[in-house]
Structure formats: C-alpha cells, structure tokens
Amino acid sequence: MAAMLLTGHGDVDMLVYHDDVPTPQPGPDEVLVKVTATAKNNTDRKAREGLYPTREKGEVTSFAMGGSPTLTFPRIQGADVAGRVVAVGEGVPDSRLGERGLLDFNLYPDARRDLNLMPDYYGHGADGGFAEYVAVPSDQFHPIPNSELADAELASLGMCSYQTAYHMMTSARVAAGERVLVTGASGGVGTALIQLCRIVGAIPYAVSRPDKADALRALGAEAVIDRGDLPSFVDRVLEATDGAPIDAVMDLVGGEMTDRFIDTMIVDMARRSTYPRLSIAGASGGNVSELMWTRIYLYQVQIFGVSHGTREEAEQLMAWIRDGRLKPVLHAAFRLSELHAAERYFVNRGSGYLGKIVIVPDAEWAEHGAPYALEESA
C-alpha cells in the first residue's frame with residue numbers, strides 16, 4: 001500500500017512516501033479500515049520535530065508518559081482517520097464490513113472509561129492514517145453513517161481536536177451560563193471549543209486575529225478579541241463581557257499570554273461565584289510562562305494540564321456528531337503524496353485559514369479530496 005513514513009525527528013524531509021508498504025492485517029477484535037481522509041493535527045509536526053520535552057527545554061523527544069518513548073521509526077502518522085471497514089479480525093462480526101466511521105485515536109493504557117493517565121495515540125505509538133489502510137480496535141472505530149457529512153468533513157471532526165477540547169472543558173467543570181475565554185480560537189481545538197461551549201450552554205469569547213472574526217462569530221463565538229496590543233488585552237476582554245470576569249480560560253497559547261489570560265478571571269473576585277479555572281493543552285506562544293505563585297494561590301486559580309481525554313468523552317462526541325450538533329470546519333484537502341506541502345502550508349498559514357486540513361490517499365483523491373482542494377494544490 002502507499003503510505004508516508006516518518007523516518008526520524010527533524011524537518012519534513014524525514015517524511016518519505018512509499019508505495020510498497022505491507023498492508024496491515026486486522027488482529028483479534030480489530031477492523032481493517034480503508035482510509036479515505038485523515039485530518040492533520042499540530043501534534044504531527046510537534047512529534048516529528050521532537051517538541052514534547054518534559055525535563056529539559058532543549059530536549060528533542062516525544063510522548064513518554066509510560067516511562068519510555070513509544071514513537072519509533074519508521075512510523076505512519078495521522079490520528080484522525082475516516083474510512084470504511086474492509087476486513088474484520090477474529091471476534092468481530094462480518095456485519096461491520098462496509099461500515100463508514102471515525103477513529104477514536106487514543107492508545108488507551110487500560111480499559112477504564114473515565115480515566116486516561118498515559119495519553120498516546122494512533123500515528124504516534126502505533127501506525128496511523130497517512131496511508132491507504134490502517135488496522136484499529138473495532139470498539140474505537142465508531143460508525144458515522146450521516147450522509148450529509150463527506151468523508152473529508154468527517155475526518156475534520158476527529159477526536160484529536162474535539163476530545164482534547166472537551167476534556168479541557170470537563171477538567172475545568174465548565175457549566176451552562178459561564179463565560180469562557182478560548183485562545184488560539186481559529187485552529188482545530190479552538191473551533192471545537194467554540195462549538196462545544198455552545199452545546200453545554202456556556203458563552204465562548206474567542207481570541208484570534210480580526211480577519212477571522214466573522215467566521216468565528218458564525219461558529220458561535222459571542223465576541224472575538226484581537227490577540228494583538230497586549231497591554232490593553234484585559235480591558236478589551238472586559239469590554240466584550242460588559243465588565244464581568246471570565247469564568248474559565250481554555251488556553252492553547254501559553255507563553256507570556258497566560259498571565260494576561262489569568263488577569264481576565266481575577267479582575268473582580270467579588271463578582272465571581274466559582275473559582276477561576278484555566279485548562280491548558282498547547283503552548284504555541286511559548287513553552288515557558290512566568291507566573292507569580294502568590295497570584296495563583298491567593299486568588300485560588302485552578303490550573304489543569306490536559307492531553308487527550310477518555311473513552312466516555314469520545315463516545316459522547318461521536319453521539320453529538322451523529323446528532324448533527326457538531327459542524328465540520330474544513331479548510332482544505334491535500335493528497336497524501338503532497339504531505340510535505342501540507343506541513344509547510346500548516347506552519348505558514350495566513351489569513352483565511354480556519355479549522356482543519358485533511359490528507360487524502362492519492363487513490364481516493366478524485367472522490368474524497370478534490371472537492372476540497374486548495375487552488376494552488378489542485
């Protein structure tokens with residue numbers, strides 16, 4: 001089969017396209033999925049470049065929550081897989097054949113449904129969807145028959161973004177009526193957060209660039225705050241909320257901005273009815289933030305580090321997709337053989353970029369990729 005192999009940590013030249021990779025076979029309780037679209041996530045780039053240090057800032061490494069690295073080479077990346085079941089392993093009924101679905105991308109460490117203590121995923125600790133076929137657990141390939149969703153759109157609703165977003169909210173106990181500040185709002189997790197806030201009845205305030213404001217408001221944002229002009233940031237947030245403090249921050253930026261985000265929650269403690277809460281699941285603005293711990297403990301700010309989510313949360317999200325309550329935010333599709341171009345476009349994305357990029361196997365391009373191609377990549 002054709003697949004893009006990651007051959008080591010480094011730049012995009014470490015991704016090598018092959019058309020002679022052995023097709024995987026489904027083991028017991030597994031299904032073989034013919035891939036029609038796989039969403040790209042920022043974690044693909046960060047894992048490739050080894051940007052997940054947990055000891056030294058300059059360390060080049062990836063996830064190793066279980067004690068040793070699970071990313072070995074060569075590896076097929078790609079977490080958010082949409083496709084169809086073409087073979088089943090022992091213990092899986094033949095009735096699954098032909099089923100269209102979406103993968104819960106987690107490599108769960110155990111069977112617990114409400115806890116995931118060692119996050120890992122397909123495309124990292126095991127081969128993923130930047131290929132023509134992938135073998136995955138049958139109970140994690142969820143049927144999504146909705147005919148209104150194209151396969152590329154379904155992949156853009158993948159769990160890497162949506163489950164992370166939902167777990168940020170459940171960790172911080174976001175409730176109906178609360179004001180939630182969403183940073184990095186135009187990306188995959190950010191656009192998921194805006195939709196999920198509306199589903200649970202919370203009010204999302206998006207932090208993004210002005211040229212994306214209309215699209216983010218259409219998605220559900222109550223207001224869009226320009227991330228520029230840092231000294232006036234808190235005042236502009238309070239202007240958007242009519243002076244009320246933010247109840248919880250969903251932070252994907254980190255760096256020097258995190259302290260400003262905390263300011264939006266503690267500006268008037270007398271008006272609060274809950275503790276200030278910050279969930280963080282990204283650090284696009286910098287991996288190190290300077291925080292005064294006196295501000296954290298005197299204002300009783302609760303901080304939650306978030307990576308992935310649980311089986312229960314994935315099942316809830318799949319149900320919301322089937323019910324039509326989550327809408328795809330698909331920016332463009334690229335051929336699998338053009339993954340280098342997709343990676344560069346993702347890093348250098350400019351105005352107008354909102355939501356997700358999906359990667360489509362070349363053999364599936366005409367049906368599942370071409371309708372969503374960028375003009376320059378078509």
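User: Why is arginine 75 called buried?

Analyst: Its relative accessible area is 8%. Buried means under 20%, exposed over 50%, and partly exposed in between, with a 1.4 Å probe and protein chains only. So arginine 75 is buried. This is a predicted model: local features need pLDDT of at least 70, side-chain atom pairs count only at pLDDT 80 or more, and totals for chains, interfaces and linings use all residues. Residues are numbered from 1 along each chain as its sequence is written, and side-chain values use heavy atoms, with hydrogens and water left out.

User: What makes arginine 75 and aspartate 127 a salt bridge?

Analyst: The N to O distance is 3.1 Å. The rule asks for a side-chain nitrogen of Lys or Arg within 4 Å of a carboxyl oxygen of Asp or Glu, so the pair qualifies. By this rule the count comes to 21 salt bridges.

User: Why is aspartate 127 called partly exposed?

Analyst: Aspartate 127 has a relative accessible area of 34%, so it falls in the in-between class.

User: How do you know that arginine 295 and aspartate 259 form a salt bridge?

Analyst: Their side chains meet at 3.0 Å, N to O. Arginine 295 lies in helix α8 and aspartate 259 in helix α7 (residues 257-266), so the pair ties together parts 36 residues apart in sequence. Helices are DSSP runs of H or I, at least four residues, numbered from the N terminus.

User: Is leucine 298 buried or exposed, and why?

Analyst: Leucine 298 has 62% relative accessibility, so it counts as exposed. Leucine 298 is also found in helix α8.

Technical notes
Helices (H or I, at least four residues) and strands (E, at least two) are DSSP runs, numbered from the N terminus.
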